[in-house]
Amino acid sequence: ILRPGTNAIIVNALQAGNPVCKHIKAVPWEYGEILPDFVLGKMCCALFLSLKYHALHPDYIYRRVSELGTQYGLRLLMVVCDVSNPKQALQELTKMGVVKNYTLIVAANSTEAGRYLELYKSLENATPTGIQGHTSTAYQDQVVDFLTAVRAVNKSDAHTLVSTFGSIKNALNASTEEMQTIVGWGPRKVQNLQSVLQMPFRTDSGTNRQRQAE
């Protein structure tokens, strides 16, 4: 039973054993008698789905969505992408989300899913201006421009990366595992960034032109 004003994420007892729960560390959580899998606020809830489980039980999520109905103003579908070819499943779930008014969130792993749940809970009472943050300085703009030059990295990703590690130097020196714990930074995005950082400053053709000029 959800207590009014609780500062904890309420977890459906049926989710006991879900690895996502052990990655919810920034905010408290507890089991409760609820219909959705997670309650993140008075008006926000989430259903959880593993694509591997979805492949075995394709009717499961549709039944859960039907049971929940229109309860809660913001309904999330938290999907962990744990299959090699998720395209068709994600297309189907996206279509269902549009029809049933769900916000689809795709996480690369359980760690990332846990961070998304933490984020929604921590911003439960945030004002729009608080979420927008402060006006960037010229240096911050340069850092964001640098990071967003990497394929698939957007401004939100750039700000999250730097704010998590405290500086661009710490962020670029972080390990792959550390980067992948950040909300929005899945394996592919981290790989794209690291590939750019490991590229040589000059290509062989550029070096040859320099030698010819000399």
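The legends below describe close-up views of a predicted model.

Residues are numbered from 1 along each chain as its sequence is written, and side-chain values use heavy atoms, with hydrogens and water left out. Because the model is predicted, local features need pLDDT of at least 70 and side-chain atom pairs count only at pLDDT 80 or more, while totals for chains, interfaces and linings use all residues.

**Figure 1. The whole chain and its confidence.**
The secondary structure comes to 11 helices and six strands; helices (H or I, at least four residues) and strands (E, at least two) are DSSP runs, numbered from the N terminus. Of the 214 residues, 39% count as buried. Buried means under 20% relative accessible area, exposed over 50%, and partly exposed in between (1.4 Å probe, protein chains only). Among contacts (heavy atoms within 4.5 Å) with a separation of 6 or more, residues 24 or more positions apart account for 61%. The predictor's confidence in each residue is given as pLDDT, from 0 to 100. Its mean over the chain is 85, and 85% of the residues reach 70 or more. Residues 1–5 stay under 50 in pLDDT, and the model has seven contacts for them beyond four places in sequence. Where pLDDT is low, the predicted coordinates should not be read in detail.

**Figure 2. The cysteines Cys-44 and Cys-45.**
A disulfide is a pair of cysteine sulfur atoms within 2.5 Å, and by this rule the count is zero. The closest cysteine sulfur to that of Cys-44 belongs to Cys-45, at 6.6 Å, so the two are too far apart for a bond. Cys-45 is likewise in no disulfide. Cys-44 is buried at 10% relative accessibility, and Cys-45 is buried with a relative accessible area of 0%.

**Figure 3. Helix α2 and Arg-64.**
Helix α2 covers residues 60–68 and includes Arg-64. The buried residues of α2 are Tyr-60, Ile-61, Arg-64, Val-65 and Leu-68. Seen down the helix axis, these buried residues fall within an arc of 130 degrees, so they line one face of α2; the arc is that of the directions from the helix axis to the C-beta atoms. They pack against β1, β4, α1 (51–56), β5 and α3 (87–100). Arg-64 counts as buried because its relative accessibility is 7%. Leaving aside residues up to four places away in sequence, Arg-64 touches Asn-12, Leu-35, Pro-36, Asp-37 and Leu-47. Just after α2, Gly-69 takes a positive phi of about 60 degrees.

The 13 residues of α4 should span 18 Å at 1.5 Å a residue, and the end C-alpha atoms are 18 Å apart, which agrees. The expected span is 1.5 Å times one less than the number of residues in the helix. Buried residues of α4 include Ala-113, Gly-114, Tyr-116 and Leu-117, as well as Glu-112, Glu-118 and Lys-121. The buried residues of this helix pack against β1 (9–12), β3 (38–41), β4 (44–50), β5 (74–80), β6 (103–107) and α9 (176–180). At the start of α4, a side-chain oxygen of Asn-109 comes to within 3.3 Å of the backbone nitrogen of Thr-111.

Asn-125 sits in the loop between α4 (110–122) and α5 (128–132). With a relative accessible area of 70%, Asn-125 is exposed. Its C-alpha atom is separated by 8.9 Å from that of Gly-41, 84 residues apart along the chain.

**Figure 4. Helix α7 and its two ends.**
In α7 (residues 155–165), the buried residues include Asp-157, Ala-158, Leu-161 and Phe-165. The buried residues of α7 lie within an arc of 100 degrees when seen down its axis, so they line one face of the helix. Lys-155 and Ser-163 are exposed on the other side of α7. Asn-154 caps the N-terminal end, with a side-chain oxygen 3.1 Å from the backbone nitrogen of Ser-156.

Tyr-72 is not a glycine, yet has a positive phi of about 75 degrees. This tyrosine is found in the loop between α2 and β5 and is buried, with a relative accessible area of 19%. Ala-152, also not a glycine, has a positive phi of about 80 degrees. Ala-152 lies in the loop between α6 (138–148) and α7 and is exposed, with a relative accessible area of 51%.

Conventions
A polar contact is a pair of N or O atoms within 3.5 Å; within protein, one must be able to donate a hydrogen and the other to accept it, and residues adjacent in sequence count only if both atoms are side-chain atoms.
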